[in-house]
There are 2 protein chains.
Amino acid sequence: MTKKKAGKDAPALPRNSIIDGDCIDVMNSLPEGSVDLIFADPPYNLQLRGDLHRPDNSKVDAVDNDWDQFESFKIYDEFTRAWLSAARRILKPDGAIWVIGSYHNVFRMGAELQNQGFWILNDVVWRKSNPMPNFRGKRLTNAHETLIWAGKTEKSKYTFNYEALKSLNEGTQMRSDWVLPICTGHERLKNEAGDKAHPTQKPESLLHRVLLATTNPGDVVLDPFFGTGTTGAVAKMLGRDYIGIEREAEYRAVAAKRLANVRKIEADALEVTQSKRAEPRVPFGQVVERGMLRPGEELWSINGRHKAKVRADGSLIGADAKGSIHQVGAACENAPSCNGWTYWHYRRDGKKVPIDLLRQQIRSEMRAN
Amino acid sequence: MTKKKAGKDAPALPRNSIIDGDCIDVMNSLPEGSVDLIFADPPYNLQLRGDLHRPDNSKVDAVDNDWDQFESFKIYDEFTRAWLSAARRILKPDGAIWVIGSYHNVFRMGAELQNQGFWILNDVVWRKSNPMPNFRGKRLTNAHETLIWAGKTEKSKYTFNYEALKSLNEGTQMRSDWVLPICTGHERLKNEAGDKAHPTQKPESLLHRVLLATTNPGDVVLDPFFGTGTTGAVAKMLGRDYIGIEREAEYRAVAAKRLANVRKIEADALEVTQSKRAEPRVPFGQVVERGMLRPGEELWSINGRHKAKVRADGSLIGADAKGSIHQVGAACENAPSCNGWTYWHYRRDGKKVPIDLLRQQIRSEMRAN
DNA sequence: CGGGTAATTGAATCGGATA
DNA sequence: CTATCCGATTCAATTACCC
């Protein structure tokens with residue numbers, strides 16, 4: 001009989017399977033110290049009040065599932081403590097965990113990770129390239145989610161494939177902010193009725209980066225909130241073993257079907273070609289924020305016939321119009337449109353300088369990283 | 001004895017000054033409910049070791065081997081609880097707070113904000129365009145810090161200059177991820193020895209965006225960890241009043257010198273793009289009263305599919321409904337609500353004109369008095 | 001099949017004044 | 001406190017539809 005770390009009733013690790021049940025119970029039944037990586041996307045505990053409509057009067061399909069309802073922060077904290085503790089037990093000593101959340105829950109998860117002795121390695125920001133806007137104009141567009149990457153302990157010799165991520169990032173060090181689109185189109189799984197199969201399906205690109213960065217082929221990746229199985233699909237594709245835990249039969253069915261169709265990809269095909277980065281858009285407001293032009297300063301038109309004053313919010317106020325550098329320029333010239341960047345000039349040392357020079361300066365700083 | 005909100009020893013609010021002392025003591029001495037906005041950049045865990053006392057008042061030794069991680073968090077949490085509680089007391093009912101931190105402390109601050117009843121409005125990622133690289137290649141480049149923006153309570157009617165931020169972003173609404181460079185160059189304050197005057201000086205561009213977004217001219221902005229006074233400098237420049245609390249004499253001296261040299265920008269450059277919500281309300285009945293539309297005249301929906309007749313009391317009567325311009329519009333579109341001003345059009349010279357034009361005319365007459 | 005336009009949709013803590 | 005009414009408010013990406 002082989003020596004094993006778990007109690008005698010602990011089953012062998014059920015690699016590449018989807019387990020039915022509550023994730024805390026299931027994890028407690030698995031052998032201690034047996035999993036290389038855990039990726040967890042738990043309920044966010046959104047506290048939505050009424051309905052929300054878009055400006056075109058269509059209704060936003062909210063996440064109102066029972067599994068996201070908690071009575072209080074205290075109840076949510078107890079839930080977090082329980083599943084994180086169960087997750088920690090089954091991690092190998094050099095194992096690591098990723099959790100993802102929004103401001104509703106991520107601070108509580110992060111604090112509890114620290115309380116339990118996990119060692120935070122990075123927090124990572126998933127910057128969504130196409131987030132849902134803020135329809136009422138009452139807050140900032142909620143354009144990101146936060147991931148936390150933590151080792152089981154401070155001493156854990158965690159896996160980090162530095163070079164792989166560097167090449168993913170066109171040869172420069174991967175940063176803690178990742179720009180990736182949300183999961184839409186064909187990748188978004190639908191049920192028979194044609195509706196989304198799961199309200200919060202994550203994009204495969206996100207898991208691809210996580211698993212490429214922090215696991216090796218053959219590693220065991222466990223996801224306690226498996227949903228429709230994005231973690232499993234990417235793990236299988238990348239030659240890692242997965243274990244999914246999911247208590248909703250409907251999600252398990254979708255995930256099982258999905259996983260059956262996933263092909264492991266060849267090692268040489270793993271290299272991903274990143275799309276070329278477009279020249280970053282620079283709003284004129286940044287020129288003001290950065291103090292390159294001062295609110296109240298005057299700009300002159302390229303022909304010298306018009307002037308306008310810079311305001312603190314990056315808008316201009318001219319003789320007859322106020323608005324963006326483009327709008328006010330167009331109004332001055334009585335033209336349908338105008339490139340404000342080349343139209344407006346400021347004075348330095350008696351010379352007229354196009355504001356586009358300031359934009360170029362910002363862009364070169366951005367490129368320099 | 002008159003009833004007042006602050007304790008009897010509470011002084012008047014010391015606007016535009018830098019106060020010497022521990023921020024918890026100082027805030028507790030200020031009048032309750034008197035501050036519009038708090039911006040706080042508290043010290044991190046590690047930096048506190050030499051400065052903090054344990055709950056039993058024994059001094060924490062920086063090189064104390066008994067200092068374990070758990071106790072470190074416990075003491076940091078007590079510190080966070082104390083200063084956040086003091087901050088909350090002096091906020092106006094509709095006040096708000098910003099805190100900034102990294103993964104070392106921001107999760108604990110966020111959780112405590114929620115525990116105390118602050119209502120998180122957004123978490124904001126300051127994405128550094130020029131971060132320090134991770135030299136050892138063991139983790140991701142730590143390229144961001146996290147800010148949390150929270151109202152004093154869920155019900156607080158917080159200030160948010162939506163249009164101004166939209167303007168800063170050249171016409172599209174501002175997102176929760178902000179790309180701004182770190183504080184370097186001539187903006188970075190140096191001491192006599194030529195070293196940086198403060199280890200974590202924040203860029204003015206960051207404060208510019210925060211204050212432009214969530215305060216109005218004349219508001220009181222308090223910073224309990226004032227450091228070299230970036231919050232005060234930007235507040236003064238933008239015509240807001242500041243209160244800085246700082247216990248290190250060296251930082252206070254640098255901040256005082258800095259603030260003396262800050263010029264407030266002119267009032268007209270401070271004006272910011274206004275929301276339509278600020279415009280005075282015009283009842284549709286005024287349009288009829290003033291004879292701009294005659295009772296009996298027909299209006300057409302924006303899509304041309306519905307019509308309705310104007311009645312003498314400023315209500316409409318359509319095919320299936322009667323009532324206000326908004327109610328009849330909503331009924332026509334089978335929508336939960338409708339802005340009748342932009343929905344309904346009248347005919348002049350064969351052209352369809354939105355009735356909102358008539359409202360604008362009335363408003364401009366009101367402005368002219 | 002192509003090209004252009006319209007429609008759909010996404011982890012959302014999304015009013016405020018007046019009676 | 002609740003109920004009612006006015007009226008302000010969206011970005012990127014994909015898919016569907018039409019000619």
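Between chain B and chain A there are five salt bridges. The coordinates come from a predicted model, and side-chain atom pairs count only at pLDDT 80 or more. One bridge joins the side chains of D268(B) and K309(A), with N and O 2.9 Å apart. Polar contacts across the interface of chain B and chain A come to 45 residue pairs, both residues being at pLDDT 80 or more.

**Interface of chain B and chain A**

- On the side of chain B that touches chain A, the elements giving two or more residues include the helices α3 (69-90), α4 (106-115), α5 (162-168), α6 (204-214) and α9 (267-270) of chain B.
- The strands β4 (119-128), β5 (144-151) and β6 (177-180) of chain B also give two or more residues each to that side.
- With nine residues, β4(B) provides the largest share of the side of chain B that touches chain A.
- By class, this side of chain B has 36 nonpolar, 23 polar and 18 charged residues.
- In terms of contacts, 74 residues of chain A meet 77 residues of chain B.
- The size of an interface is often given as the accessible area lost when the parts come together.
- For chain B and chain A the buried area is about 6700 Å², and carbon and sulfur atoms give 48% of this area.
- Three residues, F107(B), L140(B) and E170(B), supply 13% of the area that chain B buries against chain A, which is more than any other three residues supply.

**Salt bridges**

- Side chains of opposite charge can pair when their charged atoms come close.
- Over all chains, the structure holds 36 salt bridges.
- A network of salt bridges links R127(A), R175(A) and D177(A) with R127(B), R175(B) and D177(B).
- K59(A) and D51(A) form a salt bridge whose closest N and O atoms are 3.8 Å apart.
- D51(A) has a relative accessible area of 57% and is therefore exposed, the cut-off being over 50%.
- In chain B, a salt bridge connects the side chains of E279(B) and R363(B) at 3.8 Å, N to O.
- That pair links distant parts of the chain, 84 residues apart: E279(B) sits in the loop between α9 and α10 (284-289) of chain B, and R363(B) in helix α13 (residues 356-368) of chain B.
- E279(B) counts as partly exposed, at 31% relative accessibility, whereas R363(B) is buried, at 11%.

**Surroundings of DNA strand C**

- DNA strand C is surrounded by 38 residues, the closest being Q47(A), R54(A), Y103(A), R136(A) and R188(A).
- Of the atoms of DNA strand C that come within 4 Å of the protein, sugar and phosphate account for 45%.
- The surface near DNA strand C has 19 nonpolar, seven polar and 12 charged residues.
- Which backbone atoms approach the bases of DNA strand C? A polar backbone atom of Y44(A) is 3.1 Å from a base nitrogen, and a backbone N or O atom of G50(A) lies 3.3 Å from a base nitrogen.
- R139(A) uses its side chain: an N or O atom there is 3.0 Å from a base oxygen of DNA strand C.

- Sugar and phosphate make up 63% of the atoms of DNA strand D that come within 4 Å of the protein.
- The surface near DNA strand D draws at least two residues from each of α5 and α11 (325-333) of chain B, and α5(B) gives the largest share, three residues.
- That surface divides into eight nonpolar, 14 polar and seven charged residues.
- Chain A also reaches the bases of DNA strand D: a polar backbone atom of P131(A) is 3.5 Å from a base oxygen, and a polar side-chain atom of R136(A) lies 3.3 Å from a base nitrogen.
- At the phosphate, an N or O atom in the side chain of H186(A) is 3.2 Å from an oxygen of DNA strand D.

Methods
Residues numbered from 1 in each chain as written. Chains lettered and ligands numbered in written order. Predicted model: local features only at pLDDT ≥ 70, side-chain atom pairs only at ≥ 80, totals over all residues. Heavy atoms only, no water. Near = heavy atom within 4 Å. Polar contact = N/O pair within 3.5 Å; in protein donor to acceptor, adjacent residues only side chain to side chain. Nonpolar A, V, L, I, M, F, W, Y, C, P; charged D, E, K, R; others polar. Contact = heavy atoms within 4.5 Å. Buried area = accessible area lost by both parts, 1.4 Å probe. Salt bridge = Lys/Arg side-chain N within 4 Å of Asp/Glu carboxyl O. Helix = DSSP H or I, 4+ residues; strand = E, 2+ residues; numbered from the N terminus. Buried < 20%, exposed > 50% of the residue type's maximum accessible area, 1.4 Å probe, protein only.
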